Amino acid sequence: MHDVGAAFAAAFRLIGEGDAAFFAIVGLSLRVTLTAVAIAALIGLPLGAGLAIARFPGRSAVIVAVNALMGLPPVVAGLILFLILSRSGPLGGLGWLYTPRAMIAAQALLVLPIVVALTRQTIEDLWSEYREHLASLGLTGRRAIPTLLWDARFSLATALLAGFGRASAEVGAVLIVGGNIAGATRTMTTAITLETSKGDLPLALGLGLVLLALTLAINAAAFGASRVGARVAGAT
Amino acid sequence: MTKIVRRALLAAGLTLAMAGATPAQTPFITVSSTTSTQDSGLFGHILPLFRAKTGIEVRVVAQGTGQALDTGRRGDADVVFVHARAQETKFVEDGFGVERRPVMYNDFVLIGPKADPAGLKGQKDVAAALKAIAEKGAPFVSRGDRSGTHAAELALWKTAGVDIEKAKGPWYREIGQGMGAALNTAGAMGAYVLADRGTWISFKNRGELDIAVEGDRRLFNQYGVILVDARKHAHVKTKEGQAFIDWLTGPDGQKAIADYRIEGQQLFFPNATQPGA
């Protein structure tokens with residue numbers, strides 16, 4: 001119990017003291033995770049919607065594969081990307097290893113299957129319901145995608161939040177491709193790992209509390225935004 | 001469909017490019033080093049001094065010695081800063097490193113639970129202590145990660161006349177993690193563990209752990225620094241890397257190392273000029 005109290009004290013001290021290094025870590029975590037989710041959304045939303053509407057041989061296999069990739073272990077994603085981005089790997093010339101770019105790429109890789117799979121399911125349900133209605137408006141096939149995505153935006157926001165949760169919580173991938181370099185690639189989760197190994201458990205748990213609070217704040221903001229959005233949409 | 005995907009990919013690429021862009025890049029080098037130098041806080045003390053002097057930022061990736069040398073071999077680091085003499089010599093002989101230079105030393109300590117299940121109290125001979133641990137089957141945590149400390153531990157078992165491959169049983173626990181994690185585990189299990197003194201002094205979660213054996217000259221722990229050879233990896237930042245090595249082994253760096261203390265205790269002892277170190 002003493003440790004938990006010390007952890008809360010550490011959390012408040014971190015925020016209260018306004019330590020620049022600490023805020024740099026929080027800033028990098030948010031930047032990496034939000035960018036990764038944005039990239040996964042830009043690719044995953046149209047891809048998932050396309051997969052919901054398109055009919056082609058082997059479609060079921062693709063859907064199963066995408067669903068399975070939602071469980072891709074972060075450490076495996078990190079390792080694959082590490083081998084690709086290492087100076088001795090095929091994309092080593094980019095010089096991305098041990099930089100935030102590599103971390104963003106790794107997390108985007110983890111979030112993408114979640115966005116694609118959840119988008120596919122949501123849009124497919126919507127499509128089977130409104131298919132004829134949309135066809136009567138002249139929206140058939142891929143031309144229905146923007147309308148479907150827009151109509152499903154609140155459900156899809158939840159899909160993106162699921163992706164955000166996965167990215168902000170993971171440590172395996174960013175540790176391998178980022179290297180947990182102080183001032184360059186240290187995030188909340190890798191800092192927690194480091195402080196744990198240094199035996200400073202209250203500080204590690206304090207960092208964890210700050211991360212939890214941030215996640216809570218972002219989810220609350222998203223929830224509030226969708227509430228306001230729904231009211232506005234209902235009013236027009 | 002393909003058009004949408006292509007457009008989305010383009011947008012995603014642009015986002016990534018923008019997110020990764022950093023304003024006015026300061027010169028930096030990447031150093032692969034050990035968990036002991038990082039967990040002990042040494043880098044946090046000396047690197048700002050080097051940066052103030054030269055303007056070069058040093059980015060440290062902390063790994064076990066074996067992995068740190070592999071990172072250098074793959075060309076993912078400019079400088080390697082580790083502590084396992086035999087592996088360092090091989091790294092240079094294989095053409096991956098330009099030259100190995102000694103930097104500093106500290107010593108290993110055998111850590112154990114205060115309850116002392118192997119009865120090591122008063123023991124000064126580390127070989128005899130390890131023999132007693134093996135014979136009694138007292139819990140022992142091994143790094144098991146090809147780190148410098150792991151290499152030192154394996155060499156000490158040999159010195160103690162214990163064939164660890166044969167002798168290992170449930171009492172011998174290889175965890176495959178860093179120094180701090182090994183100390184956390186030993187504390188939780190009431191086990192013995194070999195640690196470098198720097199990490200031990202700075203370690204905050206000691207609980208029931210204490211030093212069991214120290215001061216044996218076979219517990220000596222030498223650190224060396226190597227520049228990765230640009231003939232193997234052309235992108236290596238030779239100039240900046242050499243500047244870091246020259247500083248580290250020169251008077252300013254050596255003083256910075258000697259000045260690093262925790263609670264009045266010096267963690268590392270500079271010896272760059274000592275012949276044969």
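Among chain B contacts that link residues at least 6 apart in sequence, 76% join residues at least 24 apart, where two residues are in contact if their C-beta atoms, placed from the backbone, lie within 7 Å. The model is predicted: local features need pLDDT of at least 70, side-chain atom pairs count only at pLDDT 80 or more, and totals for chains, interfaces and linings use all residues. Residues are numbered from 1 along each chain as its sequence is written, and chains are lettered from A and ligands numbered from 1 in the order in which they are written.

**Chain B overall**

- Chain B has 12 helices and 12 strands; helices (H or I, at least four residues) and strands (E, at least two) are DSSP runs, numbered from the N terminus.
- The C-alpha trace of chain B spans about 70 × 55 × 40 Å along its principal axes.
- Of its 277 residues, 46% count as buried, meaning that 20 or more other C-beta atoms lie within 10 Å of the residue's own, while 12 or fewer make a residue exposed and values in between partly exposed, with C-beta atoms placed from the backbone.

**Domains of chain B**

- Chain B is assigned domain 1 (27–106 + 222–270) and domain 2 (107–219), with bounds that come from an automatic or database domain assignment.
- The centres of the two domains, taken over C-alpha atoms, are 26 Å apart.
- Their contact takes 20 residues from domain 1 of chain B and 17 residues from domain 2 of chain B.
- On the domain 1 side, helix H2 (35–39) and helix H4 (65–74) of chain B each supply at least two residues.
- That side has six nonpolar, 13 polar and one charged residues; Ala, Val, Leu, Ile, Met, Phe, Trp, Tyr, Cys and Pro count as nonpolar, Asp, Glu, Lys and Arg as charged, and the others, Gly among them, as polar.

**Contact between chains A and B**

- 30 residues of chain A are in contact with 29 residues of chain B.
- In chain A, helix H2 (20–53) and H5 are the elements that give two or more residues to this side, and H2(A) gives the largest share, nine residues.
- The chain A side divides into 16 nonpolar, eight polar and six charged residues.
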